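Visitor: I am new to this structure and would like to learn how to read it.
Guide: Then let us look at it together, one feature at a time.

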Number of protein chains: 2
Amino acid sequence: MSDKRAAAPFSYDGLDRVIHEKARLGVLTSLMSHPKGLPFGDLKQLCGLTDGNLSRHLQVLQEAGLVEIDKRFVRNRPLTTCRITSAGRRRFLDYLAILEQVVRDASEAAKSDPAMNPKTKLQPV
Amino acid sequence: MSDKRAAAPFSYDGLDRVIHEKARLGVLTSLMSHPKGLPFGDLKQLCGLTDGNLSRHLQVLQEAGLVEIDKRFVRNRPLTTCRITSAGRRRFLDYLAILEQVVRDASEAAKSDPAMNPKTKLQPV
């Protein structure tokens, strides 16, 4: 455990805000499971997002270097393909390690839940 | 699996934004593990937050009914104690169940990482 983590165990500094946002977390998880990339329409459906919302979040992810957007014509029709970059993969895996720590901490904390342990009684401190 | 989850498996609708915000996630995890409540100063230190930041996030959590703030004088000194409410506990546990799903999905997705599986090669789609 680092000094920082020892001093502020619940600060979760590594929880990258670009990735942590709920919609972007869904987008990146989808793209992680499709390393060859996904057409815009498929990604939209998997994440339950509107065109506008998905575009906005993809822009944030692209500017952060986490995804790349490929626009080309296939059989005379425009096709937008979204792919996670190698840097994106690395940052997502780093984020995931912290998220796993959060889940471990929170599950541990839930054991202190008085509803799960009737012997613990709320008292003024 | 619900119809909604089947249709948009990465939408993570249940990921309550009030709880998901990084600093508030730390605050609630701290309070879950201290069901009797925590003095403001201890909470601030555990979460690595400034006075102003902690106050702002506590206000959001209090307005959402997730925490209660108790201000009183103890030995002639003001003491602010923060406690998670029963509703807060329930909502946190619901949130935690979704977060565990995210971690499962993301860990599964990471297995598709071409760096972890050299046989998978990026190809234009």
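**Reading the contact between the chains**

Guide: The area buried between chain A and chain B is about 4600 Å², and carbon and sulfur atoms give 66% of that area. The model is a predicted one.

Visitor: Why start with an area?
Guide: The size of an interface is often stated as the accessible area that is lost when the parts come together.

Visitor: How many residues does each chain bring to the contact?
Guide: Chain A gives 51 residues and chain B gives 51 residues.

Visitor: Which polar links cross the interface of chain A and chain B?
Guide: The rule finds 9 residue pairs in polar contact across this interface, both residues being at pLDDT 80 or more. On the side of chain A that touches chain B, the elements giving two or more residues are helix H2 (17-20), helix H3 (22-32), helix H4 (40-47), strand S3 (77-84) and helix H6 (86-110) of chain A. H6(A) gives the most to that side, with 13 residues. Sorted by class, the side of chain A that touches chain B has 25 nonpolar, 14 polar and 12 charged residues.

Visitor: How many salt bridges cross between chain A and chain B?
Guide: The rule finds 2 salt bridges across that interface. A:Glu21 forms a salt bridge with B:Arg17, and their closest N and O atoms are 2.8 Å apart.

Visitor: What rotation superposes chain A on chain B?
Guide: A rotation of 180° with 0.0 Å of shift along its axis does so, with an RMSD of 0.0 Å. That is the relation of a two-fold axis. Of the interface residues of chain A, 100% are also interface residues in chain B, so the copies meet through the same surface.

Visitor: Which residue forms a salt bridge with A:Asp70?
Guide: A:Arg72 does, the closest N and O atoms being 2.8 Å apart. A:Arg72 is partly exposed, at a relative accessible area of 39%. In chain B, B:Asp70 forms a salt bridge with B:Arg72, with the closest N and O atoms 2.9 Å apart. B:Arg72 counts as partly exposed at 37% relative accessibility.

Notes: Residues numbered from 1 in each chain as written. Chains lettered and ligands numbered in written order. Predicted model: local features only at pLDDT ≥ 70, side-chain atom pairs only at ≥ 80, totals over all residues. Heavy atoms only, no water. Contact = heavy atoms within 4.5 Å. Buried area = accessible area lost by both parts, 1.4 Å probe. Salt bridge = Lys/Arg side-chain N within 4 Å of Asp/Glu carboxyl O. Polar contact = N/O pair within 3.5 Å; in protein donor to acceptor, adjacent residues only side chain to side chain. Helix = DSSP H or I, 4+ residues; strand = E, 2+ residues; numbered from the N terminus. Nonpolar A, V, L, I, M, F, W, Y, C, P; charged D, E, K, R; others polar. Least-squares fit on C-alpha atoms with pLDDT ≥ 70 in both. Buried < 20%, exposed > 50% of the residue type's maximum accessible area, 1.4 Å probe, protein only.
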